[in-house]
Protein chains: 2
Amino acid sequence: MAIILDGKKTAAKIEEKLAEQVEALEKERGIRPGLAVVLVGEHPASTTYVRMKNKRAAKIGLHFELRKFPTTVTKEELHETIDELNRSDKVHGILVQLPLPAHLDPHEAIDWILPEKDADGLSTLNQGLLYRGKPCLMPCTPKGMIRLLDEYGITIEGKNAVVIGRSELVGRPLAVMLSSRRRNATVTVAHTRTRDLRRITKQAEIVAVAAGRAQMLDATYFAEGVVVLDAGINPIPCKESKTGRRLVGDVDFESVSKIASYITPVPGGVGPMTVCMLLENTVEAARQICGVV
Amino acid sequence: MAIILDGKKTAAKIEEKLAEQVEALEKERGIRPGLAVVLVGEHPASTTYVRMKNKRAAKIGLHFELRKFPTTVTKEELHETIDELNRSDKVHGILVQLPLPAHLDPHEAIDWILPEKDADGLSTLNQGLLYRGKPCLMPCTPKGMIRLLDEYGITIEGKNAVVIGRSELVGRPLAVMLSSRRRNATVTVAHTRTRDLRRITKQAEIVAVAAGRAQMLDATYFAEGVVVLDAGINPIPCKESKTGRRLVGDVDFESVSKIASYITPVPGGVGPMTVCMLLENTVEAARQICGVV
């Protein structure tokens, strides 16, 4: 049986340390790191995510601001608010909660955030810096996935890794990070158009999945002893649950956990790490902006 | 025996068409696309490259400007010149010839160029856009490698490709392009820290090498029928040559050309395509800047 890569516990541990750092920053430097979230509409999942971010930001002592808009908000109004947050001394990290309504271009909104306050690490400039191996604010989900490996002492160097999915939120940046000169994995990016995926994943020592398809990979896709990171969050019907559904990953946890050496559960694996890295990025941004080394 | 992917002939063909486009732009729109090169020092290879760029730009009818500096030039002087070129109506593409002397940061210089005039496609913003799958000026070498496949009618879609090397000039952008939603190859990035490279390249249908090590891969590394793109340019000693040396690629052409289906020679393969794509980027930039669809 695989060892569970417990994102919830790991995130809690990291957030404890972040809380100490936030306290020290305030005491010693008079800096209180602040996070601002821009939320458009009432998308239930988005509302839940934002509430969670607020709660956990507050818990480690961050200043938190929420700017809520109806779905009828114009691009100009959104930019005005981001401008104001860009200028604010109280705010060091800004994120625009996705998805946005169809009339708003998410990239345009994200690129309106000052790169040094881009807490999600999703702006074109931060992605360009990441890609070039330069210091930057990194996208939270892939950063959290790698941190989870680090916290469990799992070596990346020299390993054969497969990343399934090529989104700019997860797959692409994760592949860049894993194959960076700091990490030195040999990385294959697979996707919906990959032929004979099983042959490819079977050869991998680390498989990271961000495909967005419920339980698409069972044990037949993996070699004994593989390390599996699952960024999928898919609702499936479930009679036993009060809501009538439950969340599963892109991997069939039950069968794969029998042959993997390490595996993330869903929920409680990658998800909590994502929020944790958002908080870490905000503290990091505050340090950078205020010139604290 | 492999079919030779003749970069020289292909580049000449594309440049003929570019010459027609340049003529039409001037006749119909009064626009003459212009390329400016900033050269620091007297590095012999750089001088040769710049001369070649000048010659071929002139041949297709581009306006060409060379700004030469001694190695003692300061960052501020360099930026001033780039500022001036950024503002110039005659110049649509600008490149800083690399390498620069140690006291100048190449990224800082490149990022000083307006992104819409970044003819080499190497600025942080253009790399970020490429990575995100957005329209942009693309780095010339990987763009030229893919164009060579296109010109010979070689399918990329669904293929297993291996890119050896992770430089931001060639390997990284090539991997992103090949695995993009437009191209849909399954791409593995291998590098100096990759274990058992032979096992990985043996499984590939397309192998692109940008490792910078003379003839590091012989026929034992490849499967029968593989397509090989070699971006290496390495001088090795050669008694028969007047200069006492000759240029070879990262691949042992003699043995590999016996089992490959297609292969680029060195010289005359990827090299000429790189300059050709620089010219194409300049024409493209001129169109964009002047609003010609």
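Predicted model: local features only at pLDDT ≥ 70, side-chain atom pairs only at ≥ 80, totals over all residues.
Local features here need pLDDT of at least 70, side-chain atom pairs count only at pLDDT 80 or more, and totals for chains, interfaces and linings use all residues. Residues are numbered from 1 along each chain as its sequence is written, while chains are lettered from A and ligands numbered from 1 in the order in which they are written.

Start in chain A, where three strands make an open, parallel sheet in the order β3-β2-β4. Strands (E, at least two residues) and helices (H or I, at least four) are DSSP runs, numbered from the N terminus, and two strands pair if DSSP finds at least two bridges between them. β3 (63–69) and β4 (93–96) of chain A are at the edges with a single partner strand each, so one side of each has no neighbour in the sheet. Strand β2 (residues 34–40) of chain A pairs with β4(A) over four bridges, and A:V38 stands opposite A:V96.

Now look at how the chains meet. Contact (C-beta atoms, placed from the backbone, within 7 Å) links 23 residues of chain B with 23 residues of chain A. On the side of chain B that touches chain A, α5(B) gives the largest share, six residues. The copies meet through the same surface, because 100% of the interface residues of chain B are also interface residues in chain A. Strand β6 (residues 186–190) of chain A pairs with β6(B) in the antiparallel sense over three bridges, with A:V187 opposite B:V189.

Definitions and conventions:
Contact = placed C-beta atoms within 7 Å.
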